[in-house]
Amino acid sequence: MEYSGKILKNSIQSFNRLRSCIEGDPFVIIIVISFIAFSIYWSYISIMKFYSLDAYVFDLGLAMQKAWGFMLYPFNIYPNMILWLIFPLFIPKSFLLILIFQAIFITMGIFPLYGISKHLFKERLSSMLIALSYLFYPYLSGMYYFDFHYQALFPTLFLFGYYFLIKNKYKSSFVMFILAGITRYPYILFILLLSIVLLIENLYSMKYKKSDFQISRLKFSFSLFFISLIVLILFNPSNNLNIHSGLLANAHYSGGSLFNIIDNKIFVLTIIFFPFMGLPLFSKKFIILYLPFIYLLFFSNFWGYTFPMFLKMQYGPLIVSFLYLGTIDALSKIFNKKGNFTEKKKDHRLKTILKNKRLKIVSIILILLVLLDLTYTPYGPLNIYSETNFNINSVTSVNWTRFNDLEHIVNMMPKNDPYILIQNNLPEIFPIYNILPYENSTLTPALYTFLKNSTINNIYMKAPSGHVYRIKIDYVLLDVNSIWYTARNGLSMYDISKLLYGSGKFGIMAEASGIVLLKKN
């Protein structure tokens, strides 16, 4: 009874705090409604994409497998050490749970953005508009759309880290920045770069602007620098401190000329910076954080960074949060000079609001993003006619019989056999319990090249590193109705299944709705 009374008391106190927050700032209601709407929308898209068999082994299936590998071998070094915190999400083996979690967590970035803007702008309307524009930024769509990937958590954690920093809540800021850095190796590099910028800023204040100098912030900057440097060195899964290859691991491929498809690369930069009217380039604090993405764009020559595919891929975390912080930083410095509008003025009449130059620019940013959304995002009415077509009608059209047949067939395979060749659109077999964290015996031709000189007794594949391996196969899971069945990377799934089945050593164990399971002997 006493326990129930405490719960009721805490609930009333929480409600009163929420009510006072809303009464003090009615724009919070719009932020919350937008957060709920976008979370529901993208959760729905992700779930339907999974049920329609358009979700991928890379990254959804491997994200599940990595989490279970972490739970079985928690003291190994992983590229995604954020698993220390979020591994309980994977215990139910529910793909739907982690997809919903990702959609909610990405959308949650509007809250720290609103707080940062309000703190620096000293006004709420412009802050609300810049926060809402985040949800309409086209490069965010790929983060939502490309199944689950750990680095999708980076922007929200980084934004919360910066919010706590400007609020002088250094412990909370430190935790958020480090968590952001361990979402994927080597994203800790961004935290290291930020700490260097903060150190320079603090040392400059100590020498030339003593009135702005804070010893606590200098200590924070030093701590963040040393810890992020230690994490960068010690938590490298390859045990080889090579930031260049670590960054390129985000692209899976490197090489070629700086000037290769130069027009496409410049167009990508235009789409990324254009909605902000170049404002991020006026932020001295954040401009260095754009450089890793720009470097990858021009030197990796990876198709995932080029138009139109970059808008549908998961690489937004490399730059999105920095662009927004750079824009906010530039706007706060340009329009907080003497004579510019702030909410400290008592005259809130419409005429006064319309004189707010910062509000005009933020409104233009939002309008530009909405115009880009008409074509470049799945909720744009012109998207189906564009090169960035997300095929939303297709991926949300579910054949439930087909999905249920897949589940029945997957359950026929033992969960402890790692020697399964799997088509890229069938992540449902994961997790497989006895796969070591970096064992590549469960494969898909999506990333590995199967060499054409393979035979039934000698099947060879080339890993992205260039190494050639002979592999063992016990089962082959196919979806003959998917484009992934004939997609070629050396040998296609069609080629390999034809080779194995034609040898007489593999037979059809099960087939339904175009889902085929081959088994050895």
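Here are some questions and answers about this predicted model.

Residues are numbered from 1 along each chain as its sequence is written. Because the model is predicted, local features need pLDDT of at least 70 and side-chain atom pairs count only at pLDDT 80 or more, while totals for chains, interfaces and linings use all residues; side-chain values use heavy atoms, with hydrogens and water left out.

Q: How many helices and strands are there in the protein?
A: Both kinds of element are DSSP runs numbered from the N terminus, with helices being H or I of at least four residues and strands being E of at least two. On that basis, the protein has 21 helices and seven strands.

Q: What percentage of the residues in the protein is buried?
A: Buried is under 20% relative accessible area, exposed is over 50%, and partly exposed is in between (1.4 Å probe, protein chains only). The protein has 521 residues, and the buried share is 53%.

Q: Which residues does Phe 158 contact, leaving aside its neighbours within four places in sequence?
A: Contact here is heavy atoms within 4.5 Å. With those sequence neighbours set aside, the partners of Phe 158 are Phe 177, Ala 180, Ile 191, Leu 194, Leu 289, Ser 321, Phe 322 and Leu 325.

Q: Why is helix α3 largely enclosed by the rest of the structure?
A: The buried residues of α3 include Phe 58, Leu 60, Met 64 and Trp 68. They pack against α2, α4 (83-86), α5 (95-107) and β1 (420-422). Helix α3 (residues 57-72) is largely enclosed because its buried residues number 12 of 16.

Q: Is Ser 173 buried or exposed?
A: Ser 173 sits in helix α10 (residues 170-181). Not counting residues up to four places away in sequence, Ser 173 touches Gly 161, Phe 164, Leu 165 and Phe 220. Its relative accessible area is 0%, so Ser 173 is buried.

Q: Which helix supplies the largest share of the lining of the second largest pocket?
A: On a 1 Å grid over the protein atoms alone, a pocket is an open set of points with protein on both sides within 12 Å along at least five of seven lines, a cavity is a set where a 1.4 Å probe fits but cannot get out, and lining residues have an atom within 4 Å of a point. The second largest pocket is lined by 27 residues, with Glu 201, Ser 205, Asp 212, Lys 285 and Lys 333 nearest its centre. At least two lining residues come from each of α6 (110-121), α9 (154-166), α11 (188-208) and α16 (320-335). The largest share, six residues, comes from α11.

Q: What is the volume of the largest cavity?
A: Grid points are joined across faces, edges and corners, and a volume is the space filled by probe spheres set on the points. There are two cavities of 30 Å³ or more in the structure. Tyr 78, Met 81, Arg 184 and Phe 235 are among the residues lining the largest cavity, and its volume is about 50 Å³.

Q: Which residues line the second largest cavity?
A: This cavity has a volume of about 40 Å³. Its lining consists of Val 410, Met 413, Pro 414, Lys 415, Ile 420, Ile 429 and Ile 432.

Q: What is omega for the cis peptide bond that joins Tyr 185 and Pro 186?
A: Most residues other than glycine have a negative phi, and most peptide bonds are trans. Pro 186 lies in the loop between α10 and α11. The bond joining Tyr 185 and Pro 186 is cis, with omega about 5°.

Q: Is Asn 521 buried or exposed?
A: Asn 521 is in the segment after β7 (515-520). Although not a glycine, Asn 521 has a positive phi of about 60°. With a relative accessible area of 83%, Asn 521 is exposed.
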